[in-house]
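This briefing goes through selected helices, strands and charged pairs of one predicted model. The points are grouped by topic.

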Amino acid sequence: SGSCQGNSVERKIYIPLNKTAPCVRLLNATHQIGCQSSISGDTGVIHVVEKEEDLNWVLADGPHPPYMILLDGNLFNRRVMLQLKGTSRVSGLAVAIAKPNPPQGFSPGLKCPNDGFGVYSKDYGPQFAHCNKTVWNPLGSELSYEDFDFPIFLLEDANETQVIKQCYQDHNIPRGGSGPEYPLCAMQLFSHMHAVTSTVTCMRRSSLQSTFSINPEVVCDPLLDYNVWSTLQPINSSGKVDPEKEVIIVATRIDSHSFFWNIAPGAESAVSSFVTHLAAAEALHKASDIHLLQRNVMFTFFQGETFDYIGSSRMVYDMEKDKFPLGLNNIHSFVELNQVALRNDSVLWMHTDPISRLNGSVEAKVRNLLDTLRNSSLGANVSLQEAEFSQPLPPSSFQRFLRARPIPGVVLTDHQTAFQNRYYQSMYDTPENIHMQYPEGLSPEETLEYVTDTAKSLAEVATVVARALYRLAGGANNTSAIQADPKTVTRMLYGFTIKMNNSWFQSIIKPDLKGILGDEVPQHYVAVSSPVNTTYLVQYVLANLTGTVVNLTKEDCQNPEKVPNSEIEMYEYAWVQGSLYPNSTLRVPYCVRSAVHLSKALSPAFELRQWGSTEYSTWTESRWKEIRARIFLVASKELEIITLLVGIAILVFSLLATYFINAKADVLFSIPREPGAGAY
């Protein structure tokens with residue numbers, strides 16, 4: 001009963017904030033970035049800042065520092081944050097999401113994403129290194145790459161934001177020019193991080209702990225996950241492809257990032273491209289003569305690309321070390337889909353590498369690649385145009401392959417120079433950013449099936465890509481039948497940007513994975529525990545769109561090695577939930593056979609224990625014990641001191657009383673003798 005009473009007292013004192021996202025600490029070979037609280041959490045009096053003038057109270061005038069700021073999302077920018085970073089009068093920050101999205105744009109990412117880890121360097125195209133020629137993300141404030149020594153939380157729930165504002169209005173608003181009266185409304189944020197300084201330091205500490213301690217305390221973990229890949233013509237995933245066999249690689253990234261942990265909607269920066277890629281894979285698989293094509297096509301979805309190309313650098317490393325079925329010498333050409341949802345006048349830009357094109361044979365193959373793409377767009381509502389020859393490649397996985405050898409390739413984007421995306425790597429890169437609009441009053445099921453203009457537009461891009469791949473692979477038939485399905489695209493967009501827990505996703509995954517389908521908005525952060533939801537779903541969507549239903553029992557599907565002619569080195573088998581029977585809660589499960597595989601997306605730096613590497617990504621995420629936020633009323637220092645002194649006085653009095661009672665116990669508690677009792 002004691003614990004119940006304790007909880008009820010706590011509930012009377014504190015209001016917990018349950019829908020928040022913290023800023024956490026990430027580390028690389030040389031730096032730590034992000035935020036943390038002190039070990040016991042940070043507390044401060046709440047002050048609401050809705051315009052810049054409100055900062056004066058926090059930074060100079062307010063009599064009750066340190067302050068916890070409730071910051072309007074429109075003021076969450078580099079200028080304001082650096083002001084707050086430079087003062088001891090701020091103990092933390094809670095950021096309210098701006099509604100609507102900030103019209104001026106907001107990107108806490110780098111102006112030159114993944115700088116230093118692409119192909120351009122002092123040895124290769126030095127004129128293009130460090131975005132000298134083109135600044136890709138001019139709106140990038142680089143806020144995500146600052147180090148803050150106080151906690152910063154995002155308030156995801158407007159109701160909780162309102163509760164904090166109400167508490168502030170009731171208790172903290174200055175009255176008549178003087179400071180507010182106690183009790184004051186305060187906030188406490190807990191987000192203490194265990195790792196410090198850099199990946200080199202934290203990995204060394206973790207390594208020493210693992211070596212000498214029975215219960216090692218790991219302080220940081222590498223960002224890691226899995227790449228998803230499949231081929232048009234199945235290949236032996238545990239063997240090696242014939243060196244003569246040519247393969248065209250199609251690639252996209254499937255991860256994004258923002259200032260806050262696991263808030264990475266990435267609608268334009270990731271989802272638009274990998275959804276288009278998935279639709280192109282489905283369209284190409286439906287062609288009747290794919291088994292006759294002289295070249296194979298590999299569909300590749302890279303994880304962790306946001307953090308210095310984790311997935312693509314690992315695949316290149318594995319190819320070089322013969323740990324992957326394909327070698328770099330098998331690659332005929334490379335087509336990458338980057339951000340493609342915000343096209344102006346239906347124009348899709350083709351970016352190539354001007355340095356490798358100085359080689360005559362590479363130039364001829366690149367020219368063929370561009371011509372094939374352009375010809376494939378005839379009759380489609382997509383106009384393909386070449387970016388300037390003197391312009392480098394935008395940040396792309398293709399750059400990691402070019403570091404290894406001069407491969408002919410093209411990167412397709414909706415931007416000619418700087419990104420069209422004004423919310424790159426931010427919490428505002430949402431469905432609204434790519435103009436996904438639905439009529440009022442649709443049920444979730446109707447919304448899932450409603451074909452948006454965005455879906456139609458991306459299906460057109462997927463059609464062009466699929467037709468071009470068919471031609472590049474040696475297909476000679478008419479390509480007009482190769483057509484991406486807008487219905488599939490609209491379902492994927494809904495599932496990956498609005499709600500994962502929908503009837504289509506439920507029907508295509510394994511029963512034991514249904515727990516990954518949450519009702520919250522899908523996020524595409526790479527994380528440290530793998531595979532993440534995005535990876536699983538890309539894997540099963542790709543299997544659904546490119547695989548075949550086979551007539552196997554559940555037992556055989558889950559143990560295909562027992563089935564004759566199952567070719568388990570070529571195919572993966574999955575027993576999936578299937579759709580619901582009409583008016584029933586029962587499902588019709590079935591077995592899917594596909595050529596979809598996972599491969600590690602862990603930076604080679606950790607495999608090689610080169611934690612200070614400048615060649616490979618070294619990003620790690622700090623561990624922490626607890627992340628929580630709460631508000632409560634705080635009394636004045638005087639009242640707290642008086643309460644403490646009274647408590648001490650009562651304690652001293654009770655100790656003295658106990659001492660005297662104990663000393664005189666024989667007098668106070670002696671038993672009187674009975675009259676007439678004699679001694680013997």
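**Helix H5**

- Helix H5 covers residues 199-212, and its buried residues are Thr199, Thr201, Cys202, Met203, Ser206 and Ser207.
- The 14 residues of H5 should span 20 Å at 1.5 Å a residue, and the end C-alpha atoms are 20 Å apart, which agrees.
- An α-helix has 3.6 residues a turn, so residues three or four places apart point the same way.

**Helix H6**

- Helix H6 (residues 267-285) has 19 residues, and from its first C-alpha to its last it reaches 25 Å, close to the expected 27 Å.
- In H6, 19 of the 19 residues are buried, so the helix is largely enclosed by the rest of the structure.

**Strand E12 and its partners**

- Strand E12 spans residues 224-231; six of its eight residues are buried, so E12 is largely enclosed by the rest of the structure.
- E12 runs antiparallel to strand E22 (residues 596-602), and seven bridges join the two.
- One of the residue pairs between them is Asp225 with Ala601, the latter in E22.
- E12 is also joined to E14 by four bridges, again with antiparallel strands.
- In this pairing, Trp229 stands opposite Thr300 of E14.

**The sheet E19-E21-E20**

- Three strands make up an open, antiparallel sheet in the order E19-E21-E20.
- E19 (548-550) and E20 (572-576) are the edge strands; each has a single partner strand, so one side of each is left without a neighbour in the sheet.
- On average, neighbouring strands of this sheet are turned by 35° against each other, direction ignored.
- Five bridges join E20 to the antiparallel strand E21 (residues 590-594).
- Trp575 has Cys591 in E21 as its bridge partner.
- Helix H14 (residues 533-546) packs on the sheet and touches E19, E20 and E21, with its direction at about 90° to that of E21.

**Salt bridges**

- The model has a count of 24 salt bridges; three of them are described here.
- Glu52 and Arg79 meet through their side chains in a salt bridge of 2.0 Å, N to O.
- Glu52 lies in the loop between strand E5 (42-49) and helix H2 (55-61), and Arg79 in helix H3 (residues 78-85), so the pair ties together parts that are 27 residues apart in sequence.
- Glu52 is partly exposed, with a relative accessible area of 29%, whereas Arg79 is exposed at 51%.
- The side chains of Arg295 and Glu246 form a salt bridge of 2.7 Å, N to O.
- Arg295 sits in the loop between H6 and strand E14 (296-302), and Glu246 in the loop between strands E12 (224-231) and E13 (247-253), so the pair ties together parts that are 49 residues apart in sequence.
- Arg295 has a relative accessible area of 17% and is buried, while Glu246 is partly exposed at 32%.
- Glu386 and Arg357 are also joined by a side-chain salt bridge, at 3.9 Å, N to O.
- Glu386 belongs to strand E17 (residues 383-386) and Arg357 to the loop between strand E16 (347-351) and helix H8 (360-376), so this pair ties together parts that are 29 residues apart in sequence.
- Glu386 counts as partly exposed at 28% relative accessibility, and Arg357 counts as buried at 5%.
- Through shared partners, salt bridges join Arg357, Glu363, Arg367, Asp371, Arg374 and Glu386 into one network.

**Annotated transmembrane region**

- An unreviewed UniProt entry lists residues 641-661 as "transmembrane region".
- In the model, the chain over residues 641-661 is 100% helix and 0% strand, and the end C-alpha atoms are 30 Å apart.

Notes
Residues are numbered from 1 along each chain as its sequence is written. This is a predicted model: local features need pLDDT of at least 70, side-chain atom pairs count only at pLDDT 80 or more; totals for chains, interfaces and linings use all residues. Side-chain values use heavy atoms; hydrogens and water are left out. Two strands pair if DSSP finds at least two bridges between them. Axes are lines fitted to C-alpha atoms, for helices over the stretch in contact, and angles run from 0 to 180 degrees between N-to-C directions. Contact means heavy atoms within 4.5 Å. The expected span of a helix is 1.5 Å times one less than its number of residues. Buried means under 20% relative accessible area, exposed over 50%, partly exposed in between (1.4 Å probe, protein chains only). UniProt positions are given in the numbering used here, feature names are shortened, and annotations may be inferred rather than shown by experiment. A salt bridge is a side-chain nitrogen of Lys or Arg within 4 Å of a carboxyl oxygen of Asp or Glu.
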